[in-house]
Amino acid sequence: MWVIKIGGSLAKDPLLVDWLEHLNDLGGGRVVIVPGGGDYADGVRHAQAEWHLDDVVAHNMAVLGMGQFAFMLQGLCPDLVIAADELELEKTVHSGRVALWMPLQLLRREADELTTWDVTSDSLALWLANRLNAERVILVKSCPIPATTPAPDEWPALSAEGIVDRRFPALASEAAYPIHLLERTDLARLRELLLDATVV
C-alpha cells in the first residue's frame with residue numbers, strides 16, 4: 001500500500017485534477033491519498049492567534065480542514081473512495097479502488113503527541129503509513145524540492161527550510177519504506193513510480 005499526500009497548497013492549482021486522474025487511473029488497489037490542510041490550516045492558525053485557542057481546539061479544526069480538502073478532492077474526482085479508518089482504507093484498496101483518507105479518527109478530546117503545530121499533514125501521512133504498514137510514501141508539494149528521494153540525514157534541513165514539518169525528520173528516521181518528495185509539475189515521476197514499483 002502506498003500513502004500519497006496531496007498538499008493543500010495545490011488547492012487552487014490547475015494541475016490538481018491531473019494528479020487525481022493519474023492516481024485514480026494508475027493507483028487502484030494500491031494508493032491511499034492523504035489530504036493536506038492548505039488554506040484551511042492557515043485559517044486555523046489565524047483563528048488560534050486571534051482568539052488564543054488551545055492546541056487541542058486548533059488541532060481538531062485543522063483535522064476538519066483536511067476533511068474539507070478531502071471532500072473537495074472527491075468532488076474533483078468522484079471515483080475516489082472516502083474512508084475514515086484503517087479498516088475502511090484497507091477494504092477500499094483491496095477492492096481495487098483508490099482510497100481518500102477522511103482523518104476524523106484524529107479528532108481529540110485531550111492533548112497528545114499529535115496536537116501540536118510541529119505535526120502537520122506531512123507527519124500525519126507517515127503516522128498513517130506506519131499504521132497501514134505502507135510500502136512507500138510520497139508527498140506532493142507546490143514549493144521547489146531539492147531532492148526527490150532525500151537521504152535520512154537530509155530531512156532535518158528540509159524541515160528547517162519549511163518543506164516538511166518539524167516532527168517529520170524524527171518519524172522519517174524510523175520509516176521502513178522509501179519517502180519521496182515530488183513537485184507539483186512532476187507528474188511524469190509519479191507515473192514512473194506507479195508503473196514500475198521497482199523504481200527507487
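Predicted model: local features only at pLDDT ≥ 70, side-chain atom pairs only at ≥ 80, totals over all residues.

Visitor: Which residue of E5 stands opposite Ile4?

Guide: Ile138 does.

Visitor: How many strands form the sheet, and in what order?

Guide: Six strands form an open sheet, and reading across gives E3-E4-E2-E1-E5-E6. The pairing is parallel. At the edges are strand E3 (81–83) and strand E6 (179–183), each of which pairs on one side only. On average, neighbouring strands of this sheet are turned by 25° against each other, direction ignored.

Visitor: Which strands does helix H3 touch?

Guide: Helix H3 (residues 55–76) packs on the sheet and touches E1, strand E2 (31–35), E3 and strand E4 (99–101). The direction of H3 makes about 125° with that of E2.

Visitor: And where does helix H4 lie?

Guide: Helix H4 (residues 86–94) lies across E2, E3 and E4, and runs at about 155° to E3.

Visitor: How do I read the sides of a helix? Take H8: which residues are buried there?

Guide: A residue counts as buried when its relative accessible area is under 20%, and as exposed when it is over 50%. In helix H8 (residues 187–195), the buried residues are Leu187, Arg189, Leu190, Leu193 and Leu194. They are on the same side of H8 because they cover an arc of only 160° around the axis. Ala188 and Leu195, on the other side of H8, are exposed.

Visitor: What covers the buried residues of H8?

Guide: The cover includes E1, helix H1 (16–26), E2, E5 and E6.

Visitor: Is His52 buried or exposed, and why?

Guide: His52 counts as exposed because its relative accessibility is 69%.

Visitor: What is the phi of Asn133, and where does this residue lie?

Guide: Asn133 has a positive phi of about 55° and is not a glycine. Asn133 lies in the loop between helix H5 (121–132) and E5. With a relative accessible area of 67%, Asn133 is exposed.

Terms used
Residues numbered from 1 in each chain as written. Heavy atoms only, no water. Pairing = 2+ DSSP bridges. Helix = DSSP H or I, 4+ residues; strand = E, 2+ residues; numbered from the N terminus. Axes fitted to C-alpha atoms, helices over the stretch in contact; angles between N-to-C directions. Contact = heavy atoms within 4.5 Å. Buried < 20%, exposed > 50% of the residue type's maximum accessible area, 1.4 Å probe, protein only. Arc of directions from axis to C-beta.
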